[in-house]
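Please look over the chain shown below before reading the numbered points.

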Amino acid sequence: SAFGSVFVNGVRYDISAARLQKNGKSVTQSALAVGEVALVHGKQDRASGQGSAASVDVEDNVVGPAAAIDVAANTLTVLGQRVIVTANTSFAASIVPGDLSGLLADDLIEVSGLVDASGAITATRIGRAEAGEALQVLGALAHLDATAHTFMINALKVEFSTASLDGFAPSQPADTDVVIVRGTL
């Protein structure tokens, strides 16, 4: 919610000794932005309310081309993920004007936000993706087809026959697993 360190829900975390990552890559503080959802590991002094972060991880919900931009309804789709924009959504300075009308179809963007029960993302931050940044979707998988090596994340069909799978007990995902998928179209 602010910088000068990292502020999460009003608590200031000193990040001077923290490991910072965004979308699986090490970054500096300048790569982080207000409005991104962050997972902070560290300690908080209850007396002062101040914290010290050991790590800060940001995983955008989706990184990919903007599609189905509906300015009137404040929605768009990115890689099959429905994104809802509110008055509280923060837009990067490179998006002018700083709302959905500043985006064109196929603009490569990154969306950070909170997911509702339907799988829609209420965006807290929308920015432009960096050149060469991997496409990414974070979400719950469904309709796993172990034979065809496919599953769905909302309206995105993922083929994973040649994927590197990390963190699965039996080495294969299962329906309802929350996964981060990085790849190409």
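**Note on the predicted model**

1. Strand β18 contributes 6 residues to the lining of the largest pocket, the most of any element. Strands here are DSSP runs of E with at least two residues, helices are runs of H or I with at least four, and both are numbered from the N terminus. The model is a predicted one: local features need pLDDT of at least 70 and side-chain atom pairs count only at pLDDT 80 or more, whereas totals for chains, interfaces and linings use all residues. Residues are numbered from 1 along each chain as its sequence is written, and side-chain values use heavy atoms, with hydrogens and water left out.

2. The largest pocket has a volume of about 650 Å³. Its lining holds 27 residues, and those closest to the centre are Val 158, Ala 163, Ile 180, Val 181 and Arg 182. Two or more lining residues come from each of β14 (135-140), β17 (156-159) and β18 (178-183). A pocket is an open set of points on a 1 Å grid over the protein atoms alone, where a 1.4 Å probe fits, with protein on both sides within 12 Å along at least five of seven lines; lining residues have an atom within 4 Å of a point. Grid points are joined across faces, edges and corners, and the volume is the space filled by probe spheres set on the points.

3. By class, this lining of the largest pocket comprises 17 nonpolar, 6 polar and 4 charged residues. Ala, Val, Leu, Ile, Met, Phe, Trp, Tyr, Cys and Pro count as nonpolar, Asp, Glu, Lys and Arg as charged, and the others, Gly among them, as polar.

4. The lining of the second largest pocket divides into 6 nonpolar, 6 polar and 10 charged residues.

5. The chain has 0 helices and 18 strands. Its radius of gyration, taken over C-alpha atoms, is 17 Å, close to the 16 Å of the globule rule for 185 residues, so the chain is as compact as a globular protein of that length. The rule is 2.2 Å times the number of residues to the power 0.38. Buried residues make up 37% of the 185 residues; buried means under 20% relative accessible area, exposed over 50%, and partly exposed in between, with a 1.4 Å probe and protein chains only.

6. In a regular strand the side chains alternate between the two faces of the sheet. Strands β4 and β7 (residues 51-58) run parallel, joined by 4 bridges; two strands pair if DSSP finds at least two bridges between them. The partner of Lys 22 in β7 is Val 58.

7. Which aromatic rings pair? The structure holds 1 aromatic pair, formed by Phe 151 and Phe 160, which is tilted, at 5.4 Å centre to centre and 40° between the planes. Rings of Phe, Tyr and Trp (its six-membered ring) pair if their centres lie within 6.5 Å; planes under 30 degrees apart count as stacked, over 60 as edge-to-face and the rest as tilted. Phe 151 is buried, at 5% relative accessible area, and Phe 160 is buried at 6%.
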